[in-house]
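Trainee: Hi! Could you walk me through this one while we both have it open?
Mentor: Happy to. Ask away as we go.

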Amino acid sequence: MNGSGHPEDVRIPLTSPTAVVSQPPRPTRSPTPNPIPPVEYSEKDFVYEAFFSLHSRPFRAYAGPGGFVPVGDLESSLQQAAAALVEGTGVAVLTGPTGIGKTAFAHELAERVRERLMPVFVSCASIDSAASLWQTILFEMGQGYLGLSEDEARLRILETARAATPGLDGVLLMIDDAHTLSSEVLAQLAPLTTQLHEGRPIVRLLLSGQIELEEKLAAPAVEPLNQQIGGHFVLEPLSRTESAEFVSERLASAGGECEEIFEEEAFELICRIADGNPRCLNHLCDQSLLLACVDEERPVSTATVMAALDDLKGL
């Protein structure tokens, strides 16, 4: 606490997953010839939707379709990225810190261009070679890849993309966590975007990753790919006002109103602690609602938010 009686500034670890409320003790029984299995408890025993009159869980612990909230300049950036990729004006690059909403942005982008491009989403967190990358892309395309050489795999990707052109303009290949790829592997992506159909590339490319991606794209080995970049979009932390809008929009999507679920001071505290990071906002709101549900507290108090923060910091 500071001198004014308010909690001091604290931060949530960016990599912390949503914490689960401590499980109640399981009942124990004396051994019997036919013992009754112990009761299993899980997070489902503490779901808070019904308690807060919500029709769905507003603060998801994962990024995916439906998780995008167009606050601040996000809507403008999304429209520009969609237009550039549909028109095939170049490779799109999306960068920002951990938890800032890059994956949610990519999923929303995929939904908006689906009528023109076939989206293929690839996470590169565990890919360490070009061969692994081609295999993962083919898998996400629903194509076989066993026994193919690297060149054969790359050609099959292009053939699959070309097969989609009668009804669509091509394929949108979204490479998430692209900063984890080596410069040598990134360089292998350049030939995919040079194959044309009616004057436009049949593979449109979105590279999404942390700030390190910018450094890797500047490497000499990646120069051919770097020259194809047509748009670079940087996601910045949300302001306090944008953070409040983010939380309010997520609650509204689940049928709730912020004023009825959070005390005003608790809501302001969440927006301050999360420091403009959407993942942190999701984690802290979700854990706060879980704890409030268990304690049958409504609206959520500042003390509950601080307890939720302690739970998250302990992971």
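**A walk through the model**

Mentor: Let's start with V222, which counts as buried because its relative accessibility is 0%. Keep in mind that this is a predicted model.

Trainee: Okay, and where does V222 lie?

Mentor: V222 is in the loop between helix 6 (212-217) and helix 7 (223-226).

Trainee: Which residues does V222 touch, leaving out those up to four places away in sequence?

Mentor: V222 touches S183, L186, A187, K216 and L217. Take S183: it is 39 residues from V222 along the chain, yet their C-alpha atoms are separated by 6.2 Å.

Trainee: Nice. Switching to the largest nonpolar core, which members touch the most others?

Mentor: Those are F52, V247 and F262, in a core of 57 residues. Helix 11 (residues 278-294) gives the largest share of this core, with nine residues.

Trainee: And V247, what does that one touch?

Mentor: Not counting residues up to four places away in sequence, V247 touches F59, C258, F262, F267, L281 and C285. Another core lies apart from the largest one and has 35 residues, including W134, A153, A178 and L186.

Trainee: Let's do aromatics. How many pairs are there in the whole structure?

Mentor: A search finds four aromatic pairs. In one of them, the ring centres of F51 and F52 are 4.9 Å apart and the planes are at 90 degrees, so the pair is edge-to-face.

Trainee: Which residues make up the cluster linked by ring pairs?

Mentor: Y48, F51 and F52 are linked into a cluster that way.

Trainee: Last topic: the second largest pocket. What's the volume, and which residues lie nearest the centre?

Mentor: The space in the second largest pocket is about 250 Å³. Its lining has 14 residues, with A244, S248, C258, E259 and F267 nearest the centre.

Trainee: Which elements give two or more residues to the lining?

Mentor: Helix 8 (240-253), helix 9 (258-261) and helix 10 (264-273) do.

Trainee: And how does the lining divide into nonpolar, polar and charged?

Mentor: The lining of the second largest pocket has six nonpolar residues, two polar ones and six charged ones.

Definitions and conventions: Residues are numbered from 1 along each chain as its sequence is written. This is a predicted model: local features need pLDDT of at least 70, side-chain atom pairs count only at pLDDT 80 or more; totals for chains, interfaces and linings use all residues. Side-chain values use heavy atoms; hydrogens and water are left out. On a 1 Å grid over the protein atoms alone, a cavity is a set of points where a 1.4 Å probe fits but cannot get out, and a pocket is an open set with protein on both sides within 12 Å along at least five of seven lines; lining residues have an atom within 4 Å of a point. Grid points are joined across faces, edges and corners, and a volume is the space filled by probe spheres set on the points. Helices (H or I, at least four residues) and strands (E, at least two) are DSSP runs, numbered from the N terminus. Ala, Val, Leu, Ile, Met, Phe, Trp, Tyr, Cys and Pro count as nonpolar, Asp, Glu, Lys and Arg as charged, and the others, Gly among them, as polar. Rings of Phe, Tyr and Trp (its six-membered ring) pair if their centres lie within 6.5 Å; planes under 30 degrees apart count as stacked, over 60 as edge-to-face and the rest as tilted. A nonpolar core is a set of buried Ala, Val, Leu, Ile, Met, Phe, Trp, Tyr and Cys residues joined through side-chain atoms within 4.5 Å. Buried means under 20% relative accessible area, exposed over 50%, partly exposed in between (1.4 Å probe, protein chains only). Contact means heavy atoms within 4.5 Å.
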